[in-house]
Amino acid sequence: MKRKTGNVSAAGWKLWAQGAALALAMVLAGTGRAAAQSCFMGSDMEPAVQSALTTTAQRYFDMTARGDSASLKLAAIPSLASNFSGIEGAVKDNQANLAGAKGTVRPPFLLKAEGAAPLERAEFLCGVFGTTGQTRNSAVFVIPNLPPGNYAVTIVDADGSKGAYTVSMVLQQMGTDWKLGGFYVKPSMIKGHDGNWYVTQARDYKSKGQTHNAWFYFLEARDLLSPVPFMSTLQTDKLYDESQAAKPTDMPGDLAAGAKTYKITSAFPLVVGSDLDLVVKYDSADVSNTGQTFQENVAVMKALLTKFPEFRSAFDGVVARAVEPSGRDYGTMMPMKDIK
């Protein structure tokens, strides 16, 4: 995909615009007290419940593939339906990616949270665990401030004309119905490569001493292998442990650009269209002068690649975002070949 240098507004960089949407409306603020959390999967789940969850997930996926956000909104829990713009945006942004795709529903997870108040940290252990933790078929879900109730996590694999995607949904039982409570869409592959490929590349970068590239590729691998960010498996747990050996000690941190030093506050990989870019955020006193901020963004990009030239081989471009104390920010995206 041909790209041009451009300035990116803060609103334009919402997570759903990159193909992943989060709307866990059932996660409410509040302090929970200790209560039981249970997870059921496979043969532990009643067949009628498993069938209902699979059928519901398939129906909601079909709505998504048709671009029918209106029907999804009608199927959502009230708190989510009242603030549905993020999901509408995700459905619209991914309509071309999922058009005509056939979804395959994975075996669902049934989560039961007991008690009389929201749970400050609901942790669901699914499957069989060994003496050292997770096993090949286990999973862990951690959701903060979760009200008591019956929930389910359903994951649908879809192969569309634009590649492989997962559509994951959090469902909440209301009466006899399973309502939509959370929604995620994300690619399963980037540039034709899955999470396991990024693991291999991360290890290769690490062997070459390019620990920064290794760290970011480990992050991307874990993201690709996790349909939702609040889920972990044996594979992602092992990747987390392995990645710690490549975690940079100098990023985030100070970055010298000529006579000025910028404080980098965060850096992470991000899929932009069909490209994998590196995002860096840094502190700025004021971003209201967009012309000046653009120049500073470019200066940060150049200084970053001067300090870490290895990034040129790992990423397609850089996004620099100046963030002022109020939280307002201003970003600039440039293809790697244009940063000289």
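Biologist: Which residue in β7 is the bridge partner of G103?

Modeller: Strands are DSSP runs of E with at least two residues, helices are runs of H or I with at least four, and both are numbered from the N terminus. Two strands pair if DSSP finds at least two bridges between them. Here G103 has A158 of β7 as its bridge partner. Strand β3 and strand β7 (residues 149–160) run antiparallel and are joined by four bridges.

As to the basis, this is a predicted model, in which local features need pLDDT of at least 70 and side-chain atom pairs count only at pLDDT 80 or more, while totals for chains, interfaces and linings use all residues. Residues are numbered from 1 along each chain as its sequence is written, and side-chain values use heavy atoms, with hydrogens and water left out.

Biologist: Which residues form the covered face of β3, and which the uncovered one?

Modeller: In β3 (residues 102–105), G103 and V105 make up the covered face, whereas K102 and T104 make up the uncovered one.

Biologist: How many disulfides does the structure hold?

Modeller: A disulfide is a covalent bond between the sulfur atoms of two cysteines; the criterion is a pair of such atoms within 2.5 Å. The structure holds one. It joins C39 to C126, with an S to S distance of 2.0 Å. The link bridges distant parts of the chain, 87 residues apart: C39 is in strand β2 (residues 37–41) and C126 in strand β5 (residues 119–126). The link of C39 and C126 is right-handed, with 105° about the S-S bond.

Biologist: Are C39 and C126 buried or exposed?

Modeller: Buried means under 20% relative accessible area, exposed over 50%, and partly exposed in between, with a 1.4 Å probe and protein chains only. Both C39 and C126 are buried.

Biologist: How many salt bridges does the count come to?

Modeller: The rule asks for a side-chain nitrogen of Lys or Arg within 4 Å of a carboxyl oxygen of Asp or Glu. The count is 12 salt bridges. One of them pairs D316 with K191, the closest N and O atoms lying 2.9 Å apart. D316 is in the loop between α10 (311–314) and β14 (317–323) and K191 in the loop between β9 (177–187) and α6 (195–207), so this pair ties together parts 125 residues apart in sequence.

Biologist: Which elements hold R203 and E242?

Modeller: The side chains of R203 and E242 meet in a salt bridge, at 2.8 Å from N to O. R203 is in helix α6 and E242 in helix α8 (residues 234–243), 39 residues apart. R203 is partly exposed at 43% relative accessible area, and E242 is partly exposed at 24%. Elsewhere, D286, E324 and R328 are linked in a network of salt bridges.

Biologist: At what angle do α7 and α8 pack?

Modeller: Two packed helices are described by the angle between their axes and the distance between the axes. The axes are lines fitted to C-alpha atoms, for helices over the stretch in contact, and angles run from 0 to 180 degrees between N-to-C directions. Helix α7 (residues 211–225) packs with α8 at about 170°, their axes being 10 Å apart. α7 is therefore roughly antiparallel to α8, since angles under 35 degrees count as roughly parallel, over 145 as roughly antiparallel, 65 to 115 as roughly perpendicular and the rest as oblique. The contact (heavy atoms within 4.5 Å) involves W215, F218, A221, R222 and L225 of α7 with Q235, T236, L239, Y240, E242 and S243 of α8.
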